[in-house]
Amino acid sequence: MSRREFSKQIKRDAFLRANGRCEGMIDAPHGRVRCPVKLTIGKYHYDHDIPDGLGGEPILSNCVVLCVPCHKEKTVKRDVPAIAKTKRIQDREIGIRKPSRFAGSRDSKFKKKISGEIVLR
Ligand SMILES: [Zn+2]
């Protein structure tokens with residue numbers, strides 16, 4: 001599946017809406033506030049608010065203009081974990097799960113009896 005990028009017109013509209021400032025939200029002592037960074041050429045990205053990989057549409061309401069640090073932070077803290085979680089859930093639905101590394105788990109060749117004795121399965 002290839003990424004569905006925003007059209008030029010959507011980027012133009014998003015840029016106008018941003019009004020020259022990053023649309024990211026950053027942590028402040030009194031909560032989340034809008035990032036104060038001014039948009040300068042080459043220092044911002046058009047980002048899918050809901051990632052493309054999670055079904056986010058390439059439409060204006062899903063397009064945010066982010067400065068590079070905001071984009072990086074969002075990708076690392078929100079998008080990557082959200083996509084990984086979705087993959088795990090999808091895998092589980094089709095019967096794929098990560099083998100447990102713990103001795104005594106169903107994936108181990110050993111099992112521990114109630115008596116505490118460890119035996120081969
Ligand atoms: Zn920013």
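1. Basis of the values. Because the model is predicted, local features need pLDDT of at least 70 and side-chain atom pairs count only at pLDDT 80 or more, while totals for chains, interfaces and linings use all residues. Residues are numbered from 1 along each chain as its sequence is written, and side-chain values use heavy atoms, with hydrogens and water left out.

2. Zinc site. The zinc ion is coordinated at 2.3 Å by the SG atoms of Cys22, Cys35, Cys67 and Cys70, where donors are N, O and S atoms within 2.8 Å of the metal (3.2 Å for Na, K and Ca), and sites may look incomplete because water is not among the atoms. The arrangement is tetrahedral because the four donor atoms subtend angles of 105 to 118 degrees around the zinc ion; four donors count as tetrahedral if all angles lie between 85 and 135 degrees. Along the chain, the donors of the zinc ion follow the spacing C-x12-C-x31-C-x2-C.

3. What the site joins. Cysteine 35 lies in the loop between strand 2 (31-34) and strand 3 (44-48), and cysteine 70 in helix 2 (residues 68-93), so this pair ties together parts that are 35 residues apart in sequence; helices (H or I, at least four residues) and strands (E, at least two) are DSSP runs, numbered from the N terminus. Both cysteine 35 and cysteine 70 are buried, with a relative accessible area of 10% for cysteine 70. The cut-offs are under 20% relative accessible area for buried and over 50% for exposed, with partly exposed in between (1.4 Å probe, protein chains only). The C-alpha atoms of cysteine 70 and isoleucine 83, which are 13 residues apart along the chain, are separated by 18 Å.

4. Salt bridges around lysine 74. The structure holds seven salt bridges, each defined as a side-chain nitrogen of Lys or Arg within 4 Å of a carboxyl oxygen of Asp or Glu. In one of them, the side chains of lysine 74 and aspartate 47 meet at 2.8 Å, N to O. Lysine 74 lies in helix 2 and aspartate 47 in strand 3, so the pair ties together parts that are 27 residues apart in sequence. Lysine 74 also forms a salt bridge with aspartate 79, where the closest N and O atoms are 2.9 Å apart. The relative accessible area is 7% for lysine 74, which is buried, and 5% for aspartate 47, which is buried, while aspartate 79 counts as buried at 9% relative accessibility.

5. Salt bridges around arginine 4. Arginine 4 forms a salt bridge with glutamate 57, with the closest N and O atoms 3.7 Å apart. This pair links distant parts of the chain, 53 residues apart, with arginine 4 in the segment before helix 1 and glutamate 57 in the loop between strand 3 and strand 4 (63-67). Arg4, Asp52 and Glu57 are linked in a network of salt bridges. Arginine 4 is partly exposed, with a relative accessible area of 31%, and glutamate 57 counts as partly exposed at 40% relative accessibility.

6. Strand pairing. Strand 1 and strand 2 run antiparallel and are joined by four bridges, where two strands pair if DSSP finds at least two bridges between them. The two strands form a hairpin with two residues between them, and aspartate 27 stands opposite arginine 32 in strand 2.

7. Surface residues. Asparagine 19 is found in the loop between helix 1 (8-18) and strand 1 (25-28), has a phi near 55 degrees, a positive value in a residue other than glycine, and counts as exposed at 67% relative accessibility. Elsewhere, Phe110, Ile118 and Leu120 form a nonpolar patch on the surface, with about 320 Å² of accessible area together. Patches are made of residues with over 30% relative accessible area and no salt bridge, like charges being joined within 9 Å and nonpolar side chains (Val, Leu, Ile, Met, Phe, Trp, Tyr) within 5 Å; accessible areas come from the Shrake-Rupley method with a 1.4 Å probe, and for residues only the protein chains shown count as cover. Leucine 120 lies in strand 6 (residues 118-120) and is exposed, with a relative accessible area of 59%.

Technical notes:
Four donors count as tetrahedral if all angles lie between 85 and 135 degrees; four count as square planar and six as octahedral if opposite donors are over 155 degrees apart and all others between 65 and 115; anything else is irregular.
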